Amino acid sequence: MNHRVLVVTTTFYQSMAETRYKLALETVKKTKEKYRMLIVDGSPDPKIKETFHELGAKVIHQQKPGMGASRRQLFELAHSITDPGDVIFWVEPEKPNMIDFIPELVLPIFGGFCSISIPVRTKKSWESYPELQQISEAVVNQVFEELTGLQVDIMVGPMAIERSALPDFFGCFPEKFGVMDNYVQHIAVIVAWKNGHKILSPGVPVDFIYPPEQKQQEEGPLFREIIRKRLWQLKQLIEADFKVSKFLGSNKESVAA
């Protein structure tokens, strides 16, 4: 087991029957074969926490409500239980296939080339996604690159973070920039970059495959719900990128909390 890598995520499921929960179980099982894992869980059913714990993950109850709060709690806990030079791998729990690419993604950090390493989806990877998601995420990626100059797939989600950069993540309060307190890890990348942490650009290409069972649901019975979610996400993240970049661009002092 590689003890210098800690895989971290946040979870919230209403039911153990959810497809997303079943994918999370797969992620935990795959992770625990090679890495330590930390989860902050806010699910109302205590059996969900118990199951993750039984599979070998360290599970902590979410203290404050909200996506932003759960992720700050997670990153601060990760900082407290790791050592200098360790790497934290943030991943959405429904992406078990992403665990396979951790060795390639952490290598540039251990080699001293960067503080944050973000995977870049290959053509094969992009084509495995729902069509609407391909379009919306490509737009956000383009805006992010135009504002930062970084050639990264910021919308892929997962990323490897050197421990020294974590304070910019658990100290990230999006409301400070006039945006909603949700996608902390997205905004924190800009904060960390402005504070001198190197982001690997271009990122490491991966053939990550979007879970077929999730794609089937999102293009089927959940289609209307997902359309609303993707359009909301597109608006929120583009607005956030503009506001955060403008704020940090005019603030020459460190922006870490």
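Me: Start with Arg121. Where does its charged end sit relative to the ring of Tyr129?
Reply: Over the Tyr129 ring, 4.7 Å from its centre. "Over" requires NZ of Lys or CZ of Arg within 6 Å of the ring centre and within 35 degrees of the ring normal. The charged end of Arg121 also sits over the ring of Trp126, 3.8 Å from the centre.

Me: What's the basis here?
Reply: It's a predicted model: local features need pLDDT of at least 70, side-chain atom pairs 80 or more, while totals for chains, interfaces and linings use all residues. Numbering runs from 1 along each chain as its sequence is written, and side-chain values use heavy atoms, without hydrogens or water.

Me: How many aromatic pairs?
Reply: Nine. Rings of Phe, Tyr and Trp (its six-membered ring) pair with centres within 6.5 Å; planes under 30 degrees apart are stacked, over 60 edge-to-face, the rest tilted. One of them, Tyr13 with Tyr21, is edge-to-face at 5.8 Å centre to centre and 70° between planes.

Me: Are Tyr13 and Tyr21 buried or exposed?
Reply: Both are buried, meaning under 20% relative accessible area (1.4 Å probe, protein chains only).

Me: Why is Tyr129–Tyr210 classed as tilted?
Reply: The ring centres are 4.5 Å apart and the planes meet at 40°, so the pair counts as tilted.

Me: And burial of those two?
Reply: Tyr129 is buried at 1% relative accessibility. Tyr210 is buried too, at 4%.

Me: Which cluster do ring pairs form?
Reply: They link Trp126, Tyr129, Phe208 and Tyr210.

Note on methods: Buried < 20%, exposed > 50% of the residue type's maximum accessible area, 1.4 Å probe, protein only.
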